Amino acid sequence: MAGSGGLGGGAGGSQGAGGGPGSTLRAPRAPLLFAALVLGAYCLCALPGRCPPAGRIPMPAPAPAESPRAARSPGTSGLPVASGSGRRRFPQALIVGVKKGGTRALLEFLRLHPDVRALGSEPHFFDRCYERGLAWYRSLMPRTLDGQITMEKTPSYFVTREAPRRIHGMSPATKLIVVVRNPVTRAISDYAQMLSKTPGLPSFGTLAFRRGLGPVDTAWSAVRIGLYAQHLDNWLRYFPLSRFLFVSGERLVSDPAGELGHVQDFLGLKRVVTDKHFYFNATKGFPCLKKAQGSGRPRCLGKSKGRPHPRVPEAMVQRLRAFYRPFNRKFYQMTGQDFGWD
């Protein structure tokens, strides 16, 4: 909100500069200008993002110079796909959701495995950048050797209607990982992130409910993401349930090694990441990675993880729990897993 502060400061300076009629007429516009700025910032947060410029997505570390005889794939404008250090491949597995469920933690934990190579940033290919083409997408991937798995994570895929069809078009054998979390706490966490980026947002209750404590507003993305059963219905039109692994965001915090064991099994990997790799950081309320051999200190996720949640009145929490209950139960039936949110 530095921009709004700057504009507000400018308005104050104008009022102080003169006491004539023109100054008096302009003064009432300041609150309206501030409100418009806050509303505009909120709308930008709520709208789907655009495809980031190519330069904004960090490329994997450069590999040794490629041999002139390296293989090239037809139809990819001469894109090199092989070298002495491996090949750039399409991901065999994707973490497709959900936002504020624990996807970043899962990816960082998986990257401890020597047979997992993952893109650190979110490419948003199947929701925002699809027009750039599969060759561009593959060019972002780290090089892998035979036996290694290429992965990426973009949690907005799970709620993007076109994503399942597009991913199926790339490979119907893709393994899909969905990290899910109690949709009520997920929505509050989502709001906390929005608030940290856009101070001055309307209250959580104003956004989550219509007309005070009226009907739950499913048009708000923080609420809509938690309708897991509806989103999964769309995915099951293209992929069988056997292609999915549903990871509990709560257990990823309370028992990270146990959840990582299931993920490694699903990916066909040896269980290399175990409880010896974790310790619980009481300050963050989150598991952190113990320092690797030769490393100077343990590694925790960024300061945005474990961010304090704003206080939401219990009446609103109970209303949301009641709203989500039938959707949660349908999701339990669809997945064959009871996540214990009710």
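The torsion about the S-S bond of C51 and C129 is about 110°, so this disulfide (a pair of cysteine sulfur atoms within 2.5 Å) is right-handed. C51 sits in the loop between α3 (29-46) and β1 (82-83), while C129 sits in the loop between β4 (116-118) and α5 (134-140), so the bond ties together parts that are 78 residues apart in sequence. Helices (H or I, at least four residues) and strands (E, at least two) are DSSP runs, numbered from the N terminus.

The structure is a predicted model, in which local features need pLDDT of at least 70 and side-chain atom pairs count only at pLDDT 80 or more, whereas totals for chains, interfaces and linings use all residues. Residues are numbered from 1 along each chain as its sequence is written, and side-chain values use heavy atoms, with hydrogens and water left out.

The sulfur atoms of C51 and C129 are 2.0 Å apart. C51 counts as buried at 18% relative accessibility, and C129 is also buried, with a relative accessible area of 0%; here buried means under 20% relative accessible area, exposed over 50%, and partly exposed in between (1.4 Å probe, protein chains only).

A search of the whole structure finds 2 disulfides, and the other one joins C288 to C300, with an S to S distance of 1.8 Å. This link is right-handed, with 105° about the S-S bond, and it connects C288 in strand β10 (residues 286-289) with C300 in the loop between β10 and α13 (314-335), 12 residues apart. C288 is buried, with a relative accessible area of 1%, whereas C300 counts as partly exposed at 30% relative accessibility. With bonded cysteines counted along the chain, the disulfides follow the pattern 1-2, 3-4.
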